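I am opening a notebook on a structure that is new to me. These entries record what I looked up, one topic at a time.

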Amino acid sequence: RNETDKQLGWSHVRMSQVYKGLLVFGYQLVVHLDTDHQVVTVNGHFRPDIDLDPTPKVTQAEAEQIAMDDLLNVISNMEMAENIKEVVQGYKQKGYLVGIISHSYTLITNYVKQQIGADFSVAHQLEFFDGKATGEVSLPSYFFGSPESICGHSFCKTNAMQYICEKYNVGMKNCIAVGDSKDDRCMLTYAGKGVAFCTTDEMLEKIADKSIKERNFEPLLALA
């Protein structure tokens, strides 16, 4: 699938992985072409070691319903960290914008955004057709690096944070970034203040300005 990025003028050619005629859920390679149609970079996910019997054990309709039921069940049973709603409101009362930058799906992050009262969420887009998940995942352009990117990574949460800062006219050094995994290392580095939250990643803890060990966001209020 060929997509045009109106902001950069680039083209993004998405190639989904197929195994014995079946789409491999969540795996695709993306070729990024600049305005001269030259390849800038290629990234994404590819699984080379698949060895499965593709013979279906349930009907397509049964599989679609099971997948959607499981996804909705995961979303509805998500446990929020202690005091998250109160902390979000505390930051908003002090004039902060609060949002989510995630490599999860917008279906999930938008639910969390509504539950905690956040201002925005940016994540990957799970593709649907006729109300059903197709198995394809759309990766928003603002996660990809551009000539204006500050971090140098071709695909990174920092690129998304930079996009959000430009959109809302906020300086990067005025941001407080909270993360829990190695995917957050770069974002915590470039934010004004970086917080490692209940992480098992030692490098993230070293990068962070503050580390929170318990599932409680209340210590964040001292940073505002």
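**Entry 1: helix α4**

I began at the residue just after α4: N169 takes a positive phi of about 55°. The model is predicted; local features need pLDDT of at least 70, side-chain atom pairs count only at pLDDT 80 or more, and totals for chains, interfaces and linings use all residues. I number residues from 1 along each chain as its sequence is written, and side-chain values use heavy atoms, with hydrogens and water left out.

I took helices (H or I, at least four residues) and strands (E, at least two) as DSSP runs, numbered from the N terminus. Next I checked the span of α4, residues 157-168. The expected span is 1.5 Å times one less than the number of residues.

Which residues of α4 are buried? I noted K157, T158, N159, A160, M161, Q162, I164 and C165. Buried means under 20% relative accessible area, exposed over 50%, partly exposed in between, with a 1.4 Å probe and protein chains only.

**Entry 2: cysteines**

I then looked for disulfides, meaning pairs of cysteine sulfur atoms within 2.5 Å. By this rule I count zero. C151 is in no disulfide; its nearest cysteine sulfur belongs to C186, 4.0 Å away. C151 is buried, at a relative accessible area of 13%. C165 is in no disulfide either; the nearest cysteine sulfur, that of C175, is 3.3 Å away. C165 has 6% relative accessibility, so it counts as buried.

**Entry 3: the hairpin**

I turned to strands β2 (residues 11-19) and β3 (residues 22-33). Two strands pair if DSSP finds at least two bridges between them. Eight bridges join β2 to β3, and the strands run antiparallel. I looked up V18 and found L23 as its bridge partner in β3. Two residues lie between the strands of this hairpin, where K20 takes a positive phi near 50°.

**Entry 4: the open sheet**

What is the order of the three strands in the open sheet? I read β8-β9-β10, with parallel pairing. β8 (176-179) and β10 (210-212) stand at the edges with a single partner strand each, so one side of each has no neighbour in the sheet. The twist averages 20° from one strand to the next; axes are lines fitted to C-alpha atoms, for helices over the stretch in contact, and angles run from 0 to 180 degrees between N-to-C directions. Three bridges pair β9 (residues 193-197) with β10 in the parallel sense.
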